[in-house]
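Visitor: Hi! Could you walk me through this one? I'm new to it.
Guide: Happy to. Here it is.

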Amino acid sequence: MSVYVRQVGTIVWKDLLLELRTKERIATMGAFAVLAGVLFNFSTDTSLVRPQDIAAGLIWMTLVFDGLLGVGRTFHLESEDGALQGVLMSPAPKDAIFLGKTISNFALLYVVALLVLGVFMLFFGLEIGSSPLAVLLALALGSLGFVALGTLFAAVSSGTRLGETVLPILVFPLLVPMVIYGAGATGRLLAGRPVAEVAGNLRMLGAFALVALGAGAALFRFVVED
Amino acid sequence: MSIAGIRRAGIFFAVLGLLGLGVVYWLSFFWVSTEAAQGIAQRIFYVHPPAAWTSFLAFGIAALTSAMYLWLRDERLDWAALSAAEGGMVFGSIMLITGPLWGKIAWGTYWTWEPRLTLTLLLWFIFLGYFMVRRTTDNPDQGKRYSAVVAIVGALLIPFIHLSVVWFRSLHPEPVVIKPEGPTLPGDMLTLLLTSVGVFTTLFLGLFMLRYALEGLRHELHVRARRAAA
C-alpha cells in the first residue's frame, strides 16, 4: 500500500514540478479566467439582469472551459518528447498513474477555481455569503469530478487525430450533474442561504466525483495499453 | 450461429419489423380511438415512446457489450457494440424528432428540459463521441478500446445525469403504463402502444443482426485479403 501511495506521489510531484518550472498551463489558465470574467461582464446587460443572479452559473462555465484548456494538455508535453512511454512502462500500476495525473490536475484546477471565484467576486461585485467554506468545498468536489473525467478523456483524445477538439464532445454530456449541483449550490451560498439548503447538492457532487474517479482509475489502463 | 445465418435471421426480423410498422401505422390512423384532449396529434404516441424505449435498449446493449469486449477481447463483442450503438443513434434520432413535434402541440413548445428528452439528447451526444473517437485513430484496435471506454463511462454516469436533470426540473406527464395501480391507458391505446413497442424492438433486432453480419463479413474479407497477399 505504501508503495502504491509513493508511486502516486511520485507522479504528482513530477507533474507539479514540471508545471512549476514551465508555468505553461497555469499561466494560460489564469489569464483565461480573468479574460473570461471581463468578457462575461460585458456580455451582461445590467439593466435586464442583476449580475449576481447569473454569476454562479458563469463561474462554473468558466471553470469548465478553463479546465478543458488545461486538462486537455495533460499528456501533451509527455507524448511530444516520448516520455509518456517511459512513464507507462514504469512498474507503477496504470491506476496509480491515473490517480497521480488526476491529483496534479486537481491541484492545478483548484488554484484556477479559486482565481475564477475571486475574479467574479471582484468583477460582479459578489459577496461570499455566510459560509465561505461550503463554497470552497463545492468548487473542490466539482473540480475533482471534472479532472477525473477530463484526465481519462484527455488520454483518449490525445490518441485520436482530432486531439483536444473532441474533448468537449466527450466530456460535456457527462458534466451535466456537476454543473447542475455545482452552480445550484454556489448560487444559493453566494446569495447567503444556509449550508443546510445545499447539503444534498454537496453530497451529489461528492458522489459524482467518486464515481468519476473510480471509473477513470479502472478504465485508464484500457486507454493507454498498446 | 454463422455470419450467413445471422444475416438471414436479420433479414427475417427486419422485414417482419417493417411489415409490423405498416400495421402499426394503419392501426394508429384508422383503428385506435382518438384521445379526447389532444385529438389526432396524440397518435404520434405510437411512435415516440417505442422509439425511445428501443434507443435505450440499444444503448444499453452497446454499453454492456463494450464492457464485455474490454474484458474478453472478442472481436464479435465489438461488432455487437458498434451495431447496437448505431441502432441507438437511429432510434434516438427518431425520438428526438418526434418529441419536439408532439411537444409543440401538447405543451405549446418545441423543446422542454423534460428529463427523458434530455436524457436521450445527452445519450445521443455521448454516442456521437463514441463514433468520433472510433473513427479517428490510426490503429483500429485503439479506436475500439476508446469507444468502449466512452460507452462504459456514459453508462456509469447516466443515472447521475438523469437524477440531476429530474431534480432540476420536470414538466413531463407522469408515466402512464408502468404504475403500481396498473395501466390507466384505455384498452385499445395500450394494445397498440405495446404492439408498437414489440414492432420497434423487432425492427431494431433485425437491423442489429444485419449490421453485425456486415461487420462479420468485412472481417472475413479482411482475413481473406491478408491470406491472399501472404
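**A helix pair in chain B**

Guide: Let's start with α2(B) and α3(B), which are roughly antiparallel to each other. Keep in mind that this is a predicted model.

Visitor: At what angle do the axes of α2 and α3 of chain B cross?
Guide: The crossing is at roughly 155°. That is over 145°, so the pair counts as roughly antiparallel. The two axes come within 7 Å.

Visitor: Is that crossing left-handed or right-handed?
Guide: The crossing of α2(B) and α3(B) is left-handed. As for the residues in the contact between these helices, 18 are nonpolar, ten are polar and one is charged.

Visitor: How far apart are the end C-alpha atoms of α2(B)?
Guide: They are 36 Å apart. At 1.5 Å a residue, the 25 residues of α2(B) should span 36 Å, so the two values agree.

Visitor: And which residue follows α2(B)?
Guide: B:R73 does. B:R73 sits in the loop between α2 and α3 of chain B, and its phi is positive, near 55°, although the residue is not a glycine.

Visitor: Why point out a positive phi?
Guide: Most residues other than glycine have a negative phi.

Visitor: Is B:R73 buried or exposed?
Guide: B:R73 counts as exposed, because it has 12 C-beta neighbours inside 10 Å and the cut-off for exposed is 12 or fewer.

Visitor: What about chain A, which residue there has a positive phi of about 55°?
Guide: A:K23 has one, and A:K23 is not a glycine. You'll find A:K23 in the loop between α1 (2–22) and α2 (24–42) of chain A. A:K23 is exposed, with 11 other C-beta atoms within 10 Å.

Visitor: Stepping back, how many helices and strands does chain B have?
Guide: Chain B has six helices and zero strands. Its C-alpha trace spans about 70 × 40 × 30 Å along the principal axes.

Visitor: How much of chain B is buried?
Guide: Of the 230 residues in chain B, 40% are buried. Looking at contacts in chain B with a separation of 6 or more, 76% join residues 24 or more positions apart.

Visitor: New topic: how many residues does each chain give to the contact between A and B?
Guide: Chain A gives 21 residues and chain B gives 26. On the chain A side, α8, α9 and α10 each give two or more residues, and α10(A) has the largest share, with seven. By class, that side has 18 nonpolar, two polar and one charged residues.

How values were computed
Residues numbered from 1 in each chain as written. Chains lettered and ligands numbered in written order. Predicted model: local features only at pLDDT ≥ 70, side-chain atom pairs only at ≥ 80, totals over all residues. Axes fitted to C-alpha atoms, helices over the stretch in contact; angles between N-to-C directions. Helix = DSSP H or I, 4+ residues; strand = E, 2+ residues; numbered from the N terminus. Parallel < 35°, antiparallel > 145°, perpendicular 65-115°, else oblique. Left-handed = near helix turned anticlockwise from the far one by under 90°. Nonpolar A, V, L, I, M, F, W, Y, C, P; charged D, E, K, R; others polar. Expected span 1.5 Å × (residues − 1). Buried ≥ 20, exposed ≤ 12 C-beta atoms within 10 Å, placed from the backbone. Contact = placed C-beta atoms within 7 Å.
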